[in-house]
Amino acid sequence: MATAIVRSALSRASITVAPRTFVAPKRRFSSSAGHDDAYEAAKWEKITYLGIASCTALATYVLSKGHHHGEDPPAYPYMHIRNKEFPWGPDGLFEVKHNEGH
């Protein structure tokens with residue numbers, strides 16, 4: 001801290017003695033430590049497009065392949081046992097109505 005104060009005082013003293021040789025110091029931020037922002041943006045843009053293309057190709061490949069659904073279960077008569085009526089009638093809501101008189 002003390003060296004920074006001394007350096008600041010010396011730089012101010014040199015400015016007053018020879019103002020023609022003063023060059024404003026370039027500010028260096030940690031986020032731009034020697035990297036070109038346009039280069040980084042272009043790099044990530046290329047990576048993004050490559051990722052989109054590879055994910056699209058992978059999804060197309062995986063979804064184009066057929067898959068096995070398995071066998072249909074046998075239609076056992078005991079699987080649709082109804083011991084009491086539904087509140088809306090003898091048939092289910094989404095089944096074909098057997099009694100059209102309603």
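## Close-up views of a predicted model

**View 1. Threonine 48 is partly exposed, with a relative accessibility of 43%.** Partly exposed lies between buried (under 20% relative accessible area) and exposed (over 50%), judged with a 1.4 Å probe and protein chains only. Threonine 48 is part of helix H2; helices are DSSP runs of H or I with at least four residues, strands are runs of E with at least two, and both are numbered from the N terminus. Its side chain comes to 2.7 Å from the backbone oxygen of tryptophan 44.

The model is predicted, so local features need pLDDT of at least 70 and side-chain atom pairs pLDDT 80 or more, while totals for chains, interfaces and linings use all residues. Residues are numbered from 1 along each chain as its sequence is written, and side-chain values use heavy atoms, without hydrogens or water.

**View 2. Lysine 43 and glutamate 40 form a salt bridge.** The term stands for a side-chain nitrogen of Lys or Arg within 4 Å of a carboxyl oxygen of Asp or Glu. Here the closest N and O atoms are 3.3 Å apart. The two residues both belong to helix H2 and are three residues apart, about one turn of the helix. Lysine 43 is partly exposed at 31% relative accessibility, and glutamate 40 is partly exposed at 23%. The count by this rule is one salt bridge.

**View 3. Leu58, Tyr61, Val62 and Leu63 make a nonpolar surface patch of about 470 Å².** Such a patch joins nonpolar side chains (Val, Leu, Ile, Met, Phe, Trp, Tyr) within 5 Å, from residues with over 30% relative accessible area and no salt bridge; like charges are joined within 9 Å. Leucine 63 lies in helix H2, which covers residues 37-64. Leucine 63 is exposed, at 71% relative accessible area.

**View 4. The chain has two helices and zero strands.** Of its 102 residues, 3% are buried. Its accessible surface is about 10300 Å², with 64% belonging to carbon and sulfur atoms; areas come from the Shrake-Rupley method with a 1.4 Å probe, and for residues only the protein chains shown count as cover.

Note on methods:
Polar contact = N/O pair within 3.5 Å; in protein donor to acceptor, adjacent residues only side chain to side chain.
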